[in-house]
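Subject: Structure handover and notes

Hello,

Please find the structure below. My notes on it come after the coordinates.

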Amino acid sequence: MRKLSFTLILSACLALTALAQSKIEFREFTLDNGLHVILHQDRSTPIVATTVFYHVGSKNEDPERTGFAHFFEHLMFEGTENIPRGKYFEIVESAGGTLNAGTSQDYTVYYEILPSNQLELALYLESERMLHAKVDQIGVDTQREVIKQEMKQVMEERPYGNFQRELPIRLYTNHPYRWPIIGAAEHLDAASLEEFVDFYKTFYVPNNATLTLVGDFEYDEAEEMVKKYFSEIPKGTKEMRRPNVEIERLAEEIKDNVYDNIQLPAVFQGYIMPAKNHEDYYALDLLSTYLLSGKSSLMYRKLVDESQKAVQAAAIPNNLEDGGMFIILAIANMGIEVEDLHTAVDEILTEVKENGISENDFTKLLNIKETQYVNSLGSVANIAMELAQAHVFYGEADYINKKLEKYRAVKPEDIKRVANQYLTKDSRVVLNYLPKSAQTTE
């Protein structure tokens, strides 16, 4: 399938509503086979987003068969008993729409955005994918090669790209988050067709899925269409692998050098965050925005503008179901030693830990977050994703309407507190990325 950033697809291709709504109204119901359905009507543009959200990601895999969830992100575009091989994109695009999929550690999602008069087509395609996707030797062999090429591009050819493997494997010592979403080539090569079929029959079933429809439709008509295409799909009966592992924090800092095909050194820092639905996430998300969100943010000003020790920097709160990863990265400017950059990053973190954030900066920060969230709800596909995640990870679709209040409940002192509580030197991973040429001279 076409590998594009899910966020990029949404931002570039999706129609925006005229005005973001202050409250998202919706209807929801559950079919007898366990499929949960959420409907949100938006008549502002004649389009509809159809999203099927499966609660299966890389963490649900056998440690000896990693990469299966990502593999199925690809494989389930191969076709079905009634859809010819490789025709998914052609069918949707010829109807004036777009489609794609994405995999994370916690979920796999498939979506179509189509003119609203093509809603039935989207439901038919997704019901076909759920009922009898083409999981055969031809598709498996084809996608093995596609994914191994993707592994090479991401892990070997993309500068700094293998941090997706190197950081988690050191930070998550006892949890399935330790392996990369893309998995291992040797695991995919060793897997039999029967193992792929079993994974499909275990996880890609209605009782492990949430269907969200957002856009220009009548509620009653949409509900009848859903029942027409999904109600007869059998409920899954196989036991699903659900790791029940409390993530262990490191007892001491792990610091390593990684030699990569790069020209400029870089520093990557990784810290364990609390689980996705923990109240501290909102303060940590605000902290990441304060540190690095635009050219006026603290770390950008100090590292890029003032000291010019870095050419690029980022702070990413990777929010995961069992416990996320707060990532800070900085790419060194020409002539800057990686240890000097590492020290500069730590000095900024120490400043936040000791002094916190001013009331004025906090007000600006909260305004930025509110604007970002409201703007994100200007897209039918983003609303569909938010509703699905709200139901699966927070236990209620109405969390979509409560999320801003969670951010507003954060106080300035919480920013200082979470910085001290979670961004601790004695339980983090630090990776110094160095050019391969440096390895030969050491």
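This is a predicted model: local features need pLDDT of at least 70, side-chain atom pairs count only at pLDDT 80 or more; totals for chains, interfaces and linings use all residues.

Residues are numbered from 1 along each chain as its sequence is written, and side-chain values use heavy atoms, with hydrogens and water left out.

An unreviewed UniProt entry lists residues 192–367 as "domain: Peptidase M16 C-terminal". UniProt positions are given in the numbering used here, feature names are shortened, and annotations may be inferred rather than shown by experiment. Over that range the chain is 40% helix and 22% strand, with the end C-alpha atoms 52 Å apart. Helices (H or I, at least four residues) and strands (E, at least two) are DSSP runs, numbered from the N terminus.

Strand 11. This strand spans residues 429–435, and seven of its seven residues are buried, so it is largely enclosed by the rest of the structure. Buried means under 20% relative accessible area, exposed over 50%, and partly exposed in between (1.4 Å probe, protein chains only). In a regular strand, side chains alternate between the two faces of the sheet. In strand 11 both faces are covered: Val429, Leu431, Tyr433 and Pro435 lie on one side, and Val430, Asn432 and Leu434 on the other.

Strand 11 pairs with strand 7 (residues 254–260) in the parallel sense over seven bridges; Asp260 has Pro435 as its bridge partner. Strand 11 also pairs with strand 8 (residues 266–272), in the antiparallel sense over five bridges, and here Phe268 is partnered by Leu431. Two strands count as paired if DSSP finds at least two bridges between them.

Salt bridges. The structure holds 35 of them, each defined as a side-chain nitrogen of Lys or Arg within 4 Å of a carboxyl oxygen of Asp or Glu. Among them:

- Asp189 and Lys148, at 3.1 Å, N to O. The pair links distant parts of the chain, 41 residues apart: Asp189 is in helix 7 (residues 185–190) and Lys148 in helix 5 (residues 137–157). Asp189 is partly exposed at 41% relative accessibility, as is Lys148 at 27%.
- Lys87 and Glu90, at 3.0 Å, N to O. Lys87 is partly exposed at 31%, and Glu90 is partly exposed at 48%.
- Glu396 and Lys402, with the closest N and O atoms 2.9 Å apart.

Arg165, Glu166, Arg170 and Asp256 are linked in a network of salt bridges.

Regards
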